[in-house]
Amino acid sequence: MTAAAVGLVATTTPAVARDSVTLIQGVTGVVDTVAAGGRVFISANDRIVVADTNGAFTGSITGLANPTGLAAAPDGDRVYAALSGSNEIAEINAATLEVVRRIGLADYPSPANLSLDGDQLWVGYGVKNDFVGGILGLDLSLPSPTPVQVATRMYGAPLVAGAGDTVFTAEAGITPSSPRVYDVGTVPATLRGVIDGADNELYSLTDLAITPDGSRAFSAFSTSGFDVWDTTSLTKVRSYGSRADAPGAIALSPDGAHVASALHGSGYGPYAEVYDAATGSKTLQSQMTYKGDLISGSLSVLGNDLYALLSDWPYNRYYLWRVEGALLPTSTLSLSATSAATALDPFTMTGQLALPDGSAPGAQPIEITRTLPDGATATLPGVTTSADGAFVVTDNPPVSGSVKYTAVWDGSPAFRWSQTTTTVTVAQHPTSLVVTGPTTANAAKPLRLTGRMSTAGNVPTPASGKIVVYRVYTNKNGSVGADLPLVPLAADGSFTITDTPPVSGQYTYHVRFDGDATYAYVYTNWSVTVRGASS
């Protein structure tokens, strides 16, 4: 190990307080997520998988017939699952993971999509490729809730979002799709109006959401954007972001202050955005993830974190994607080299941690990871910011080439974590060769040259290096070249070249070190006049 590697720690898994993607073992499909009671619930083909807030899986709920849509009570003590395989709603104790009640929906086929508002559960049901679907309501405060019909003759199982006296619904299986708004403060429910999908270019519905008071509703269409609507006038209030990257899921923070969107991404992988619900200003765009395709409608919020599902369909693998601290104000990091870099020599980088409110960060730990051209990573010894957020990093890169440095601050309860990278072009460490020996010799007699390879600075010579020697013999008839055996380097950089010139003439010994990832190429030569063989 060279001096440059002392104190480095091999990189394994990232710290918990960062965005993550975790493989969901043992499932062949996933549908939805919901967060409750400090846990994340994931509906899969025949079970509900449970994870903690860091994305680590802690258990599962089995004995369920094709759970699809999920919903959670605001206090986090209950989770509801639509069981499309048995035409039921399962009520689950979020703490014990026990199914405490099953609500039968025998007359309402394939319940699939849920929206919970207090004790009022709105259910979108229906069979794929048929107009037998609709929306019904269940009063969960009753021991045996009786389904109350809101909408009928809808295509497939419509998406639904309900709050207050408003239900917002639209059909995902047809395009364009025309969202409907119902007043459920009346009995029976009254159709308040329809938002024309053709006039508003609403194609390929992926998700719906609604504010806690029911005054604003959100729609995500993968080919036509992410919009918010006034549920009284049925007019568009604003559009969020760009249509280019296909919004696939939306979710609101419990207080309605933030609206989040997960986007499929245009060929680069899914990413998330967060907006201020009141102003429409963007507060976050996360880095893209490359583990799989976004599962539409699977976004949920827990605390300040976002959770969604990814499908790596060619390999039948599914992942839980976590965007940590997504609702927090975002900090920023910078990192840049202040001097040229040479392999094995120390060089300096400076960085800055800045908080969005302009306050001084104080002493904060910064993790610095170095990635070499071959992909090998190591964590540099700990770096701490000064009171104003500035920090200095010194490294002795072990090899030349494009070396990437990644700086990460893990964030705080008030600010989202941040990361930056910089790539430094590292030069090979300079070397020099000196050869000494006689300038005259006799043919057919042993000739000995000595040499030394040196490196600038307090740097070791390459322990396994070889010296290449090419001999050129010249006389009146021309020149003849020959490779001599490779010459090993001693630990101190010294080496010895031995040769027996066969005939008289002018001999030139071309001596070189071809270099490697750390040390630079170097060349020298030595000339010897060889006389005829002596008696």
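A nonpolar core is, for these notes, a set of buried Ala, Val, Leu, Ile, Met, Phe, Trp, Tyr and Cys residues joined through side-chain atoms within 4.5 Å. Buried means under 20% relative accessible area, exposed means over 50%, and partly exposed lies in between (1.4 Å probe, protein chains only).

**Entry 1: ground rules.** I am working on a predicted model, in which local features need pLDDT of at least 70 and side-chain atom pairs count only at pLDDT 80 or more, while totals for chains, interfaces and linings use all residues. Residues are numbered from 1 along each chain as its sequence is written, and side-chain values use heavy atoms, with hydrogens and water left out.

**Entry 2: cores.** I looked up the largest nonpolar core, which has 25 residues. Leu433, Ile467, Val469, Phe495, Ile497, Tyr509 and Val511 touch the most other members. The elements giving two or more residues to this core are strands 40 (431–436), 42 (447–455), 43 (466–475), 46 (494–499), 47 (505–513) and 48 (522–531). Strands here are DSSP runs (E, at least two residues), helices are runs of H or I with at least four, and both are numbered from the N terminus. Strand 47 gives the most to this core, with 4 residues. I also noted a second, separate core of 23 residues, which includes Phe347, Leu372, Phe391 and Val393.

I then listed the contacts (heavy atoms within 4.5 Å) of valine 469. Leaving out residues up to four places away in sequence, valine 469 touches Ala482, Asp483, Leu484, Val487, Ile497, Tyr509 and His510.

**Entry 3: salt bridges.** I counted a salt bridge where a side-chain nitrogen of Lys or Arg is within 4 Å of a carboxyl oxygen of Asp or Glu. The structure holds 18 of them.

Aspartate 410 pairs with arginine 18, their closest N and O atoms being 2.7 Å apart. The aspartate is in the loop between strand 38 (401–409) and strand 39 (418–427) and the arginine in the loop between strand 1 (9–10) and strand 2 (20–23), so this pair ties together parts 392 residues apart in sequence. Arginine 18 is buried at 8% relative accessible area, whereas aspartate 410 is partly exposed at 31%.

Arginine 370 pairs with aspartate 395 at 3.0 Å between the closest N and O atoms. The pair joins strand 34 (residues 365–371) to strand 37 (residues 390–395), and the partners are 25 residues apart in sequence. Arginine 370 is buried at 4%, and aspartate 395 is buried at 3%.

Arginine 452 pairs with aspartate 492 at 3.6 Å between the closest N and O atoms. Arginine 452 is partly exposed at 38%, and aspartate 492 is partly exposed at 43%. I also found Arg18, Glu367 and Asp410 joined into one network by salt bridges that share partners.

**Entry 4: asparagine 316.** Asparagine 316 sits in the loop between strand 29 (305–312) and strand 30 (317–323). Its relative accessibility is 40%, which means partly exposed. Not counting residues up to four places away in sequence, asparagine 316 touches Val27 and Thr28.

**Entry 5: whole chain.** I read 0 helices and 48 strands for the protein. The C-alpha trace spans about 125 × 50 × 50 Å along its principal axes. Buried residues make up 50% of the 535.
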